[in-house]
Amino acid sequence: MNTATTAKRRYRGAAVEERRAQRRQQLIDAAIEVYGRNGYRHSGVKQVCDAAGLTQRYFYESFSHSDELLIACYEQAAGQLRENNAAVAEAAGPNPVARSKAMLQAYFQALKDYPLIARLLLIEIRGISPAVDRAIEKALHAANNDMARLLVKPGREAEPVDELLHAGIMGGVIHIALHWMATGYRMPVEEVAATAFKLGGALLES
C-alpha cells in the first residue's frame with residue numbers, strides 16, 4: 001500500500017469536511033443576521049445564502065430545510081448565552097445572591113448588546129414547528145439545570161430541584177425581557193436586572 005497516497009486521501013477528506021463545516025457556520029452566522037433583521041417568516045434560503053456569500057446548493061449540503069437552520073441558529077445563540085452566564089456566575093464567587101445578580105445583569109446586557117440575537121432567541125423562534133418547539137424545550141431545560149447547579153446554597157446540593165418554580169421564574173424573566181425589548185430597551189440594564197432579581201429571590205429562598 002502506498003502510505004503517501006493513503007495519507008493524501010485522508011488529508012483531502014479532512015479538508016473537505018473542514019470546508020463543509022466552515023460553510024455550515026457561514027450559513028448559521030448569516031441566518032442569525034437575516035432572521036434577526038427581517039424575521040424568520042420573511043426570510044428565505046436565497047436571502048441567507050446571499051448574506052453568507054454561498055450558492056443555494058451549499059445550503060442543502062448542511063440543511064434539509066429552513067427550520068433545521070433556524071434550530072442550529074437558536075442552539076448556537078442559546079448555548080453561547082448559557083456559557084457566558086455560567087462564566088459570569090463562577091466569577092462572582094460562591095454566594096448564590098451574588099451569582100444570581102451577576103447572571104441577570106449579564107443576560108440583559110447581552111440582549112441589549114446583541115438585539116438581533118435577542119429577537120431570534122425570544123421572538124422569531126416561537127410557533128414555527130414541533131421540531132423547533134422541542135429545541136426550545138431542550139434549551140430551557142438546560143438553562144434550568146444551570147440555575148439549579150449555579151444557584152444552589154452550600155450544603156443543599158443534594159436537595160431535589162423544584163422544576164415548576166425554576167420554570168416559572170425563567171418564564172417571568174423572559175417576559176420581562178420581551179417587555180423591555182418592546183420599549184426599545186428604554187430602562188437601564190441595572191434596573192431591569194434588579195426587577196428580575198425580585199423573581200430570582202423566590203428561588204434563592206426556596
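Helices here are DSSP runs of H or I with at least four residues, and they are numbered from the N terminus. Line up six of them: α4 (66-91), α5 (96-113), α6, α7 (130-150), α8 and α9 (189-205) each give at least two residues to the lining of the largest cavity. The model is a predicted one, in which local features need pLDDT of at least 70, side-chain atom pairs count only at pLDDT 80 or more, and totals for chains, interfaces and linings use all residues. Numbering starts from 1 along each chain as its sequence is written, and side-chain values use heavy atoms, with hydrogens and water left out.

Start with the cavity. On a 1 Å grid over the protein atoms alone, a cavity is a set of points where a 1.4 Å probe fits but cannot get out; lining residues have an atom within 4 Å of a point. Points are joined across faces, edges and corners, and a volume is the space filled by probe spheres set on the points. The structure has one cavity of 30 Å³ or more. About 550 Å³ of space lies in the largest cavity. Its lining counts 27 residues, and Leu-81, Asn-85, Tyr-107, Ala-143 and Met-170 are the closest to its centre. By class, 21 lining residues are nonpolar, three polar and three charged. Here Ala, Val, Leu, Ile, Met, Phe, Trp, Tyr, Cys and Pro count as nonpolar, Asp, Glu, Lys and Arg as charged, and the others, Gly among them, as polar.

Next comes a pocket, an open set of points with protein on both sides within 12 Å along at least five of seven lines. The second largest pocket has a volume of about 150 Å³. Leu-81 lines this pocket too, and other lining residues include Ala-77, Gln-80, Tyr-114 and Leu-121. α4, α5 and α6 each give two or more residues to the lining. The largest share, four residues, comes from α4. The pocket lining has eight nonpolar, two polar and no charged residues.

Now the helix packing. Two packed helices are described by the angle between their axes and the distance between the axes. Axes are lines fitted to C-alpha atoms, for helices over the stretch in contact, and angles run from 0 to 180 degrees between N-to-C directions.

Take α4 and α5. Their axes come within 8 Å and cross at roughly 145 degrees. Contact means heavy atoms within 4.5 Å. Leu-81 and Asn-85 are among the α4 residues that meet α5, where Tyr-107 and Ala-110 are among the partners.

Finally, α6 (residues 115-124) meets α8 (residues 163-182) at an angle of about 120 degrees, with the axes 11 Å apart. The two are therefore oblique to each other, because angles under 35 degrees count as roughly parallel, over 145 as roughly antiparallel, 65 to 115 as roughly perpendicular and the rest as oblique. The crossing of α6 and α8 is left-handed. Ala-118, Arg-119, Leu-122 and Ile-123 of α6 touch Ile-174, Ala-177, Leu-178 and Met-181 of α8.

Key: A crossing is left-handed if the near helix is turned anticlockwise from the far one by less than a right angle, and right-handed if clockwise.
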